[in-house]
Amino acid sequence: MSGTPFVSTLSTGGFLALAGAGFRPLGTVQGNSVVSFGYQQRPRSRRIRGLSPRWIEGVGSPRGGGGASTLYYPKGSEAAQQYLNEGGWFAFEGRTAAYNDARTNALERLGAAAREAGAVAVVDVQLRRGRFGRTEHAIEFTALGTAVTSDRFEPEENDPVPIVSLSGTEFWKLVEAGVWPLGVVGGSCVGFVMSGFRTKFARNRLTYRSRRNQEFVDYTDGLRTARLQAAGRLRREATKLGASGVVGVSVDRELKEQRDDNLLVTIDLLGTAVAPLEHSAPPSVACALGLGKA
């Protein structure tokens, strides 16, 4: 046995599955990016707390139409109660952009390294996110995966190299089912949750109410908002690739408590965009795999 041994992130089962499908690992490839946060002032209660509109079903519209829903703002005691009870949400757009930029840069550099190695795909990609050392105002994304190739075909010069967050076994199952991975897509969101009076009261252990099981509604709504915004970014990236779906989505979150029971929320979503093999894979790939899709 001669030559330099390969190094990969594959498990034993993943390696054997890829070998059975005609793929062989070339080695590990990596991409990373460190991005610093720009200055963004933290919100104050008077900036984000307001009154949410209400809808009334079956009440005529101002122009006289009957049976429609009417939008109105509460008044009097109802407005005061809502103002005290409900918290608020503020999106840190600068930090959100930094997270998304760092992830995109890391994956692009991983893809460039795989292209230089002559790979047809990168599988078992693992993405690590965290603070850059002890620096409080910088984020680091590192992407590590296994570049694979096959002796059965050669990719064209301009063919994209799919980056897959799935294991070797899962990649093989996709291809055998006639589905081709287009690449890793993701979405991040950073937001500030301001707790309202009901959350502050519930967290106060000196009160009788805090002894009962209850939901922190402001935190629940804040996490849901952050997840929806991150999912929207993921869908836009998948649409840009022409994907028919996203599989293997993972959720990573970071919660950091602030003063006055407020919360800093970071949500990261990561998945693999896929499409039918005949529409997405290079022709040589579709033909060499012998799936009857060429």
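**Exercise 1. Are Glu237 and Arg103 buried or exposed, and how do their side chains meet?**

Solution. 
- Step 1. Set the cut-offs: buried means under 20% relative accessible area, exposed over 50%, and partly exposed in between, with a 1.4 Å probe and protein chains only.
- Step 2. Classify the residues. Glu237 and Arg103 are both buried.
- Step 3. Check the source. This is a predicted model, in which local features need pLDDT of at least 70 and side-chain atom pairs count only at pLDDT 80 or more, while totals for chains, interfaces and linings use all residues. Side-chain values use heavy atoms, without hydrogens and water, and residues are numbered from 1 along each chain as its sequence is written.
- Step 4. Examine the pair. A salt bridge is a side-chain nitrogen of Lys or Arg within 4 Å of a carboxyl oxygen of Asp or Glu. Glu237 and Arg103 form one, at 3.1 Å from N to O.
- Step 5. Helices (H or I, at least four residues) and strands (E, at least two) are DSSP runs, numbered from the N terminus.

**Exercise 2. What is the strand order of the open sheet of 4 strands, and which helices pack on it?**

Solution. 
- Step 1. Define pairing: two strands pair if DSSP finds at least two bridges between them.
- Step 2. Read the order. It is E4-E7-E9-E8, with antiparallel pairing.
- Step 3. Find the edges. E4 (88-91) and E8 (245-257) each have a single partner strand, so one side of each lacks a neighbour in the sheet.
- Step 4. Take the twist. It averages 25° from one strand to the next. Axes are lines fitted to C-alpha atoms, for helices over the stretch in contact, and angles run from 0 to 180 degrees between N-to-C directions.
- Step 5. Inspect one pair. E8 and E9 (residues 263-276) run antiparallel and are joined by 11 bridges. Val246 has Ala273 in E9 as its bridge partner. Leu255 has Val265 in E9.
- Step 6. Contact means heavy atoms within 4.5 Å. Helix H7 (residues 217-241) lies across E4, E7, E8 and E9, at about 150° to E7.

**Exercise 3. What phi do Asp124 and Asp260 take, and where do they lie?**

Solution. 
- Step 1. Recall the background: most residues other than glycine have a negative phi.
- Step 2. Take Asp124. Its phi is positive, about 55°, although it is not a glycine. Asp124 lies in strand E5 (residues 121-131). Its relative accessible area is 13%, so it is buried.
- Step 3. Take Asp260. It has a positive phi near 60°, in the hairpin of E8 and E9, which has 5 residues between the strands.

**Exercise 4. How do the axes of H1 and H5 cross, and which residues meet?**

Solution. 
- Step 1. Take the geometry. The axes of H1 (residues 12-20) and H5 (residues 168-176) come within 7 Å and cross at roughly 30°.
- Step 2. Classify. Angles under 35 degrees count as roughly parallel, over 145 as roughly antiparallel, 65 to 115 as roughly perpendicular and the rest as oblique. H1 and H5 are therefore roughly parallel.
- Step 3. List the residues. Gly13, Gly14, Ala17 and Leu18 in H1 meet Gly168, Thr169, Phe171 and Trp172 in H5.
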